[in-house]
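Trainee: Hi, could we look through this model together? I'd like to start with the contacts.

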Amino acid sequence: MSSFRGGIPVTPTTPARLSILLSLLQARRDRPGALLVERPDVSPHTVRRDVERLRALGHPVAGPAGVR
């Protein structure tokens, strides 16, 4: 979810992305990774990395392994 500051797109910082991702995951228990990467400026690699960060912070993110 990028926003605009002075007409220039601003990509969310890592903490902002993690907060958005955590909110999305808490809203639905069965959210496929494909839906998570539909957000602007977020690649599949970034989503995987952010999920690992959430796990490292103690958030129980479970799901089947996806295609890499």
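Mentor: Happy to! Contact here means heavy atoms within 4.5 Å. Among contacts in the protein chain with a separation of 6 or more, 46% are between residues 24 or more positions apart.

Trainee: Before we go on, what kind of model is this?

Mentor: It is a predicted model, in which local features need pLDDT of at least 70, side-chain atom pairs count only at pLDDT 80 or more, and totals for chains, interfaces and linings use all residues. Residues are numbered from 1 along each chain as its sequence is written, and side-chain values use heavy atoms, with hydrogens and water left out.

Trainee: And what is the mean pLDDT of the protein chain?

Mentor: The mean is 76, with 72% of residues at 70 or more; pLDDT is the predictor's confidence in each residue, from 0 to 100.

Trainee: Where is confidence lowest, and where is it highest?

Mentor: Strand 1 (residues 3-5) has the lowest mean, 51, while helix 3 (residues 44-56) has the highest, 89. Helices (H or I, at least four residues) and strands (E, at least two) are DSSP runs, numbered from the N terminus.

Trainee: In what order do the elements run?

Mentor: From the N terminus the order is β-β-α-α-α, which comes to three helices and two strands.

Trainee: Let's stay with helix 3. Which of its residues are buried?

Mentor: Thr46, Val47, Asp50, Val51 and Leu54 are buried. They lie on the same side of helix 3, because they cover an arc of only 135° around the axis, taken from the directions from the helix axis to the C-beta atoms. Buried means under 20% relative accessible area, exposed over 50%, and partly exposed in between (1.4 Å probe, protein chains only).

Trainee: What do they pack against?

Mentor: The buried residues of helix 3 pack against helix 1 (14-27) and helix 2 (33-36).

Trainee: Asp50 is on that list. Why does it count as buried?

Mentor: Asp50 counts as buried because its relative accessibility is 0%.

Trainee: Which residue's side chain does it join in a polar contact?

Mentor: The side chain of Arg17, at 2.8 Å. A polar contact is a pair of N or O atoms within 3.5 Å; within protein, one must be able to donate a hydrogen and the other to accept it, and residues adjacent in sequence count only if both atoms are side-chain atoms. Beyond its neighbours within four places in sequence, Asp50 is in contact with Arg17, Leu18 and Leu21.

Trainee: Last one: what follows helix 3?

Mentor: Gly58, with a positive phi near 100°.
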